Structures are given as structure tokens and as C-alpha cells.
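This briefing goes through one protein chain for a reader who has the sequence and the coordinates at hand. Please keep both in view while reading the points below.

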Amino acid sequence: MARVHIPALLRGATGGAEWVVAEGATVREVVAALEDSYPELRGRLLKGTAVAIDGEICGMGLSERVGPESEVQFVAAIAGGRGRCYSPRALKVVSKITSR
């Protein structure tokens, strides 16, 4: 089962758990399993978030594959820019440059 990180604002729906496990071969299936296990999450997990699997932001949305040992995170989506996609490594570099 995938290990799923629950954002702080949604942890009330999981009894305060920061990490939970869910079955599913795709992001869609993992979300459905989470919503079945934690009904308060229904419709809230994907609102304003991006999904990262094993540290990489998903490019295929809900059809992105999730491995049985994967770590899934729902992170706040960043708006703006010109629609470019940046790798997590590129974002770290930009962050270091702009924090100087």
C-alpha cells in the first residue's frame, strides 16, 4: 500500500494522522481509497493541490501510476508564471537564488 502524507489543514479528517496508507495503482484509486476510509476528505484532497509521488510532481494527473511502496504527497499548488513545469531540483535552485 502507498504511504500518503496528509496536509496539516486536512488532518482533522484523519484523526490527526500525518501519514496514512491507501491502496491503489493510480492517483485516482488512491484518492478514492482515502475518501472511502476518511469521508471528510471527499472532494478536498485535490482542491488547490498538486500531487507528488516519490518526491516528483505528477505530470499525468489522476492517471499517474502509484507503486505499492510509493510515498504520495498532496502539496499546495503554486499559481502564476507562464505555465511552465519545473522539476523539484529546479525549484530548489530557484529557491536558493531568490533567498539570497
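This is a predicted model: local features need pLDDT of at least 70, side-chain atom pairs count only at pLDDT 80 or more; totals for chains, interfaces and linings use all residues.

**Chain as a whole**

- Of the 100 residues in the chain, 28% count as buried.
- Among the contacts between residues at least 6 apart in sequence, 51% join residues that are at least 24 apart.

**The sheet**

- The five strands form an open sheet with mixed pairing, and their order across the sheet is β2-β1-β5-β3-β4; the edge strands, each pairing on one side only, are β2 and β4 (56–57).
- Helix α1 packs on this sheet, where it touches β1, β2, β3 and β5, and its direction makes an angle of about 110° with that of β2.
- Strands are held in a sheet through backbone hydrogen bonds, in either a parallel or an antiparallel arrangement.
- β1 and β2 run antiparallel and are joined by four bridges, with V4 standing opposite V20 in β2.
- On the other pairing of β1, the sense is parallel, and three bridges connect this strand to β5; here H5 has Q73 in β5 as its bridge partner.
- β5 also pairs with β3, in the antiparallel sense and over five bridges, and in this pairing A52 stands opposite Q73.
- In a regular strand the side chains alternate between the two faces of the sheet.

**The nonpolar core**

- The largest nonpolar core has 19 residues, and the members that touch the most other members are V4, L34, V72 and F74.
- Two or more residues of this core are given by each of β1 (2–5), β2 (19–22), α1 (27–37), β3 (49–53) and β5 (71–76), and the largest share, four residues, comes from α1.
- Leaving aside residues up to four places away in sequence, V4 touches E18, W19, V20, A22, V30, L34, V72 and F74.

**Loop residues**

- T26 is placed in the loop between β2 and α1, and because its relative accessibility is 12%, under the limit of 20%, T26 counts as buried.
- When residues up to four places away in sequence are not counted, the contacts of T26 are with L62, S63, E64, R65 and V66.
- G16 lies in the loop between β1 and β2, and its relative accessible area of 46% falls between the limits of 20% and 50%, so G16 is partly exposed.
- The C-alpha atoms of G16 and I6 are separated by 9.1 Å, the two residues being 10 apart along the chain.
- K47 is found in the loop between α1 and β3, and because its relative accessible area is 67%, over the limit of 50%, K47 is exposed.
- K47 and F74 are 27 residues apart in sequence, and their C-alpha atoms are 9.6 Å apart in space.

**The second largest pocket**

- The second largest pocket holds about 160 Å³ of space.
- Its lining is made up of P7, A8, L9, L10, R44, K47, G48, T49, F74, V75 and A76, and the largest share of that lining, three residues, comes from β5.

Terms used. Residues are numbered from 1 along each chain as its sequence is written. Side-chain values use heavy atoms; hydrogens and water are left out. A nonpolar core is a set of buried Ala, Val, Leu, Ile, Met, Phe, Trp, Tyr and Cys residues joined through side-chain atoms within 4.5 Å. Buried means under 20% relative accessible area, exposed over 50%, partly exposed in between (1.4 Å probe, protein chains only). Contact means heavy atoms within 4.5 Å. Two strands pair if DSSP finds at least two bridges between them. Axes are lines fitted to C-alpha atoms, for helices over the stretch in contact, and angles run from 0 to 180 degrees between N-to-C directions. On a 1 Å grid over the protein atoms alone, a cavity is a set of points where a 1.4 Å probe fits but cannot get out, and a pocket is an open set with protein on both sides within 12 Å along at least five of seven lines; lining residues have an atom within 4 Å of a point. Grid points are joined across faces, edges and corners, and a volume is the space filled by probe spheres set on the points.
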